[in-house]
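Biologist: I would like to learn how to read a model like this one, feature by feature. Could you take me through it, giving the general idea and then the case at hand?

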Amino acid sequence: TVVTVGTVGYGDVVPVSPWGSLVTVAMIVVSALYMSIPVGIVGKAFSDVWDDRDKLLMIHRVRNRFLDRGYKAQDIPAMFC
C-alpha cells in the first residue's frame, strides 16, 4: 500500500477516519513527488559532469604537461599560429 512506502514510524499513530486516511495518503504522495524533484536535478547534474569527465581529464593532463615543460599561458597561441 501507499503507507508502506511512506512510513517512518512503528504504526503506533494511525489515522482513524476515512478522511484522515485520505489526507495521509495525499501527504505521502505529495512528499514523494516533492523529494523526486531535487533528486532529478542532482542526478542530471551528475550525469552532465560524468559525460564531460573525459574532456575534463584531458584538459587537466594537457595543462599539467604544458606547465611541466615550462610553457606559460601566453605561449600557447604562438604554438598554433
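Modeller: Gladly; let us begin with a helix and its length. Helices (H or I, at least four residues) and strands (E, at least two) are DSSP runs, numbered from the N terminus. The expected span of a helix is 1.5 Å times one less than its number of residues. Helix H3 (residues 53-68) has 16 residues and should span 22 Å, and its end C-alpha atoms are 22 Å apart, so the two values agree. After H3 comes Gly-70, whose phi is positive, near 90 degrees.

Biologist: Before we go on, what kind of model is this?

Modeller: This is a predicted model, in which local features need pLDDT of at least 70 and side-chain atom pairs count only at pLDDT 80 or more, while totals for chains, interfaces and linings use all residues. Residues are numbered from 1 along each chain as its sequence is written, and side-chain values use heavy atoms, with hydrogens and water left out.

Biologist: How many helices and strands are there in the protein?

Modeller: The protein has 4 helices and 0 strands, and its elements run α-α-α-α from the N terminus on.

Biologist: What share of the residues count as buried?

Modeller: Buried means under 20% relative accessible area, exposed over 50%, and partly exposed in between (1.4 Å probe, protein chains only). Of the 81 residues, 1% count as buried. Areas come from the Shrake-Rupley method with a 1.4 Å probe; for residues, only the protein chains shown count as cover. The accessible surface comes to about 7500 Å², with 69% of it belonging to carbon and sulfur atoms.

Biologist: Which residues make a nonpolar surface patch?

Modeller: Patches are made of residues with over 30% relative accessible area and no salt bridge; like charges are joined within 9 Å, and nonpolar side chains (Val, Leu, Ile, Met, Phe, Trp, Tyr) within 5 Å. Here Val-25, Val-29 and Leu-33 make a nonpolar patch of about 230 Å². Val-29 sits in helix H2 and is partly exposed, at 38% relative accessibility.

Biologist: And how many salt bridges does the count come to?

Modeller: A salt bridge is a side-chain nitrogen of Lys or Arg within 4 Å of a carboxyl oxygen of Asp or Glu. The count comes to 1: Lys-44 with Asp-48, the closest N and O atoms being 2.9 Å apart. Both residues lie in helix H2, 4 residues apart, about one turn of the helix. Asp-48 is partly exposed, at 34% relative accessible area.

Biologist: How should I read the aromatic pairs?

Modeller: Rings of Phe, Tyr and Trp (its six-membered ring) pair if their centres lie within 6.5 Å; planes under 30 degrees apart count as stacked, over 60 as edge-to-face and the rest as tilted. This structure holds 2 aromatic pairs. Phe-46 and Trp-50 are stacked, at 6.0 Å centre to centre with 20 degrees between the planes. They both lie in helix H2 (residues 18-51), 4 residues apart, about one turn of the helix. Phe-46 is exposed at 57% relative accessible area, and Trp-50 is exposed at 52%. Phe-66 and Tyr-71 pair edge-to-face, at 5.9 Å centre to centre and 90 degrees between the planes. Phe-66 is partly exposed at 24%, as is Tyr-71 at 35%.

Biologist: Which residue lies over the face of Trp-50?

Modeller: A charge sits over a ring if NZ of Lys or CZ of Arg is within 6 Å of the ring centre and within 35 degrees of the ring normal. Arg-53 lies over the face of Trp-50, at 5.0 Å from the ring centre.
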